[in-house]
Amino acid sequence: MRTADPILTGGRDQRSRPRVAVRPAAAPTAPQVVVLAAGMGTRLGRKLPKPLTPLMDGRSIMQQQLDGIRTVFGDATPVTAVVGYRAKAVMRAQPDLLFAFNPDFAVTNTSQSLLRALRTSQPGGVLWLNGDVVFDPAVLDHAAPLVQADESFVCVDTSTVADEEVKYTLDADGFVRGLSKTVTGGLGEAVGINYVSGSDKAALIEHLSACDASDYFERGMELAIQRAGVRFRPLDISRFSAVEIDFDDDLQRANTWLGSRAALEPLASELR
């Protein structure tokens, strides 16, 4: 579970746009977006794929993600979902998306799902996210300048460093050096929202190909850093909410945040 404070955030989604989240005067150019949705989500213990888990506001996790993506980057943003477990259920729920299929979803990890998506992507950078992260759309507003600059980055939460999560360290220039669950001296956690630039994408593909089937995609990023000199900037999103849904407690925390946003909507409307 990765989480920032679920209450003290200033984000927005299609239902609420508090003025504390400042959007650029013109909508940023839409990047290619990949949602990794192939896993079985066994720890949450639901029959449906985890991205289809319903939230308290009636949306699924995936729908909440897509609403945020489209609010920030526009309705025409190209989104590819990597599917595997109960793929048809995801495809029926989101028929307007593009899809990449990981037939080995039961025995491979996110490195192989991301590899499939990047290999079929169009030229240019790619924004990708784990399909189980409920996040404040203000995260994407915050990331938009780096997307526009086509600069590779990793969204990080510096407010927590849990042993079981993917942690990061920095090199002397302030870029990500280590990125794994076993890294020593972690400065925070990676939240599962990342971007690879068009110029770095080939190196990431090469090093994802070198990963073991059981590796998370962070291993491919780490290899690209170590062997090809790829630089991922850490983007601190600690002041926004981002909750990775692994267990029921995580789902409750995400719903608490969504409930707090709903309660604040009348006040946000008055401030517009």
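Mentor: We begin with burial: a residue is buried under 20% relative accessible area, exposed over 50% and partly exposed in between, with a 1.4 Å probe and protein chains only. Helices (H or I, at least four residues) and strands (E, at least two) are DSSP runs, numbered from the N terminus. This is a predicted model, in which local features need pLDDT of at least 70 and side-chain atom pairs count only at pLDDT 80 or more, while totals for chains, interfaces and linings use all residues. Residues are numbered from 1 along each chain as its sequence is written, and side-chain values use heavy atoms, with hydrogens and water left out.

Trainee: How many helices and strands does the chain have, and what percentage of its residues count as buried?

Mentor: There are seven helices and 11 strands in the chain. Of its 272 residues, 56% count as buried. A contact means heavy atoms within 4.5 Å. Among contacts in the chain with a separation of 6 or more, 75% are between residues 24 or more positions apart.

Trainee: Is helix 4 mostly covered or mostly uncovered?

Mentor: Helix 4 is mostly covered, with eight of its 11 residues buried. These buried residues are Ala138, Val139, Leu140, Asp141, Ala143, Ala144, Leu146 and Val147. They pack against helix 1 (61-73), strand 4 (126-130), strand 5 (133-135), strand 6, strand 9 (189-196) and strand 10. Just after helix 4, aspartate 150 adopts a positive phi of about 55 degrees.

Trainee: How is the packing of two helices described?

Mentor: Two packed helices are described by the angle between their axes and the distance between the axes. The axes are lines fitted to C-alpha atoms, for helices over the stretch in contact, and angles run from 0 to 180 degrees between N-to-C directions. Helix 5 (residues 201-209) and helix 6 (residues 217-228) pack at about 115 degrees, and their axes are 8 Å apart. A crossing is left-handed if the near helix is turned anticlockwise from the far one by less than a right angle, and right-handed if clockwise. For helix 5 and helix 6 the crossing is right-handed.

Trainee: Which residues make the contact of helix 5 and helix 6?

Mentor: Helix 5 contributes Ala203, Leu204, His207 and Leu208, and helix 6 contributes Phe217, Gly220, Met221, Leu223, Ala224, Arg227 and Ala228. In residue classes, Ala, Val, Leu, Ile, Met, Phe, Trp, Tyr, Cys and Pro count as nonpolar, Asp, Glu, Lys and Arg as charged, and the others, Gly among them, as polar. The contact of helix 5 with helix 6 comprises eight nonpolar, two polar and one charged.

Trainee: At what angle do helix 3 and helix 5 pack?

Mentor: Helix 3 (residues 110-119) and helix 5 pack at about 140 degrees, with axes 9 Å apart. Angles under 35 degrees count as roughly parallel, over 145 as roughly antiparallel, 65 to 115 as roughly perpendicular and the rest as oblique. Helix 3 and helix 5 are therefore oblique to each other. Their crossing is left-handed. The contact is made by Ser111, Gln112, Leu114, Leu115, Leu118 and Arg119 of helix 3 with Lys201, Leu204, Ile205, Leu208 and Ser209 of helix 5. By class, the residues of this contact are six nonpolar, three polar and two charged.

Trainee: How many salt bridges does the count come to?

Mentor: A salt bridge is a side-chain nitrogen of Lys or Arg within 4 Å of a carboxyl oxygen of Asp or Glu. By this rule there are 11 salt bridges. In one of them, arginine 59 meets aspartate 57 at 2.8 Å, N to O. Arginine 59 is buried, at 10% relative accessible area, whereas aspartate 57 is partly exposed, at 23%.

Trainee: Which parts does the pair of glutamate 151 and arginine 233 tie together?

Mentor: The side chains of glutamate 151 and arginine 233 form a salt bridge at 2.5 Å, N to O. Glutamate 151 lies in the loop between helix 4 (138-148) and strand 6 (153-157), and arginine 233 lies in strand 10 (residues 233-236), so the pair ties together parts that are 82 residues apart in sequence. Glutamate 151 is partly exposed at 22% relative accessibility, and arginine 233 is partly exposed at 32%.
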